[in-house]
Amino acid sequence: SSAAEYENALHIACVNGQMLDAYFMNETDVRKKEREWRDYYMASNFKYLVQREKKGTKFVLWAHNGHVSKNNDASVNMGFKPMGSYLKNTYGDKYYSFGFSFSSGSYQSMEVTNEGNYLGLQEFSLTSAKDNSLDWYFTQTGYNKFIIDFSDNKLPDKLKVFSETDLQTRSYGALSNRNFIESYYAPVTIKKDYDGMIFIDN
């Protein structure tokens with residue numbers, strides 16, 4: 001074989017071990033309380049890729065809002081410290097985190113029933129976001145889509161205050177129960193979680 005092929009095979013083996021850790025770690029394992037392992041491994045695998053590219057290479061990493069959050073105290077997968085918090089600690093201002101927000105429309109997800117049965121990839125449609133949610137506030141601007149850089153120190157004072165306000169935002173992932181899709185919201189404080197926000201009304 002070759003050194004490169006060996007390294008690749010070894011990393012694939014490590015990733016398989018990480019998957020077993022993330023999903024099948026025994027509840028009594030003392031490491032269980034250390035961190036949310038899935039996000040820790042996601043961050044470490046991204047750093048592995050970065051280290052193998054030439055210095056100055058730029059990356060776009062796309063994941064769920066909960067994973068890209070830079071907030072050390074944020075909760076993800078029933079644990080703390082999302083992937084983005086590790087990347088922020090490693091790369092500082094070189095890591096720029098975008099949160100994504102929308103009010104209404106359709107999305108695809110794996111459907112799960114109340115009984116825990118899986119129905120495969122399905123489409124789900126949503127009405128407008130609930131009042132006083134982050135997504136609702138964004139609809140009040142009258143703009144159908146926009147990007148705001150909340151890391152800009154020249155933001156108007158009212159926007160700065162808004163970015164520091166604790167709110168709720170729509171939150172959808174790999175699984176959805178059709179009976180509860182309008183209630184899927186997660187806590188968000190823009191200034192703590194993201195550097196910028198992307199909004200698409202519908």
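These are my notebook entries on what I looked up in this predicted model.

**Ground rules**

I number residues from 1 along each chain as its sequence is written, and I leave out hydrogens and water, since side-chain values use heavy atoms. In this predicted model local features need pLDDT of at least 70 and side-chain atom pairs count only at pLDDT 80 or more, while totals for chains, interfaces and linings use all residues.

**Entry 1: the chain**

I began with the whole protein chain. It holds seven helices and 10 strands. Both are DSSP runs numbered from the N terminus: helices are H or I of at least four residues, strands are E of at least two. I took the span of the C-alpha trace along its principal axes as about 60 × 50 × 35 Å. The chain has 202 residues, and 35% of them are buried. I use buried for under 20% relative accessible area, exposed for over 50%, and partly exposed for in between (1.4 Å probe, protein chains only).

**Entry 2: salt bridges**

I looked up the salt bridges next. The structure holds nine. The criterion is a side-chain nitrogen of Lys or Arg within 4 Å of a carboxyl oxygen of Asp or Glu. Side chains of opposite charge can pair when their charged atoms come close.

I noted arginine 31 with aspartate 21, at 2.9 Å from N to O. Arginine 31 is in the loop between α1 (3-24) and α2 (37-51) and aspartate 21 is in helix α1, so this bridge ties together parts 10 residues apart in sequence. Arginine 31 is partly exposed at 26% relative accessible area. Aspartate 21 is buried at 17%. I also found a network of salt bridges that links Asp21, Asp29 and Arg31.

Then I checked arginine 178 and glutamate 111, which meet in a salt bridge of 3.1 Å, N to O. This pair links distant parts of the chain, 67 residues apart: arginine 178 is in the loop between β8 (175-176) and β9 (185-188), and glutamate 111 is in strand β4 (residues 105-112). Arginine 178 is partly exposed at 37%, whereas glutamate 111 is buried at 10%.

Arginine 35 and glutamate 34 form another salt bridge, with their closest N and O atoms 3.6 Å apart. I have arginine 35 as partly exposed at 28% relative accessibility. Glutamate 34 is partly exposed too, at 49%.

**Entry 3: pockets**

I searched a 1 Å grid over the protein atoms alone; a pocket is an open set of points where a 1.4 Å probe fits, with protein on both sides within 12 Å along at least five of seven lines, and lining residues have an atom within 4 Å of a point. Points are joined across faces, edges and corners, and a volume is the space filled by probe spheres set on them.

The largest pocket contains about 1,300 Å³ of space. It is lined by 42 residues, and Leu61, Trp62, Ala63, Val68 and Phe98 are the closest to its centre. Elements that each supply at least two lining residues include α2, α4 (83-91), β3 (98-102) and β10 (196-200). I sorted the lining into 19 nonpolar, 16 polar and seven charged residues. Here Ala, Val, Leu, Ile, Met, Phe, Trp, Tyr, Cys and Pro count as nonpolar, Asp, Glu, Lys and Arg as charged, and the others, Gly among them, as polar.

The second largest pocket has about 730 Å³. Of its 27 lining residues, His64, Gly66, Ser75, Ser171 and Ala186 are the closest to the centre. Two or more lining residues come from each of α3, β1 (75-76), β7, β9 and α7 (190-193). By class I have 10 nonpolar, 12 polar and five charged.

**Entry 4: a surface patch**

I found a nonpolar surface patch of about 450 Å², made by Met19, Leu20, Tyr23 and Phe24. Patch residues have over 30% relative accessible area and no salt bridge; like charges are joined within 9 Å, and nonpolar side chains (Val, Leu, Ile, Met, Phe, Trp, Tyr) within 5 Å. Areas come from the Shrake-Rupley method with a 1.4 Å probe, and for residues only the protein chains shown count as cover. Phenylalanine 24 sits in helix α1. It is exposed at 60%.

**Entry 5: single residues**

I looked at asparagine 132 for its backbone. Its phi is near 70 degrees, a positive value in a residue other than glycine. I place asparagine 132 in the loop between β5 (118-126) and α5 (134-139). It is partly exposed at 47%.

Last, I checked threonine 169, in strand β7. It is buried at 6% relative accessibility. From threonine 169 to tyrosine 41 I have 26 Å in space, C-alpha to C-alpha, and 128 residues in sequence.
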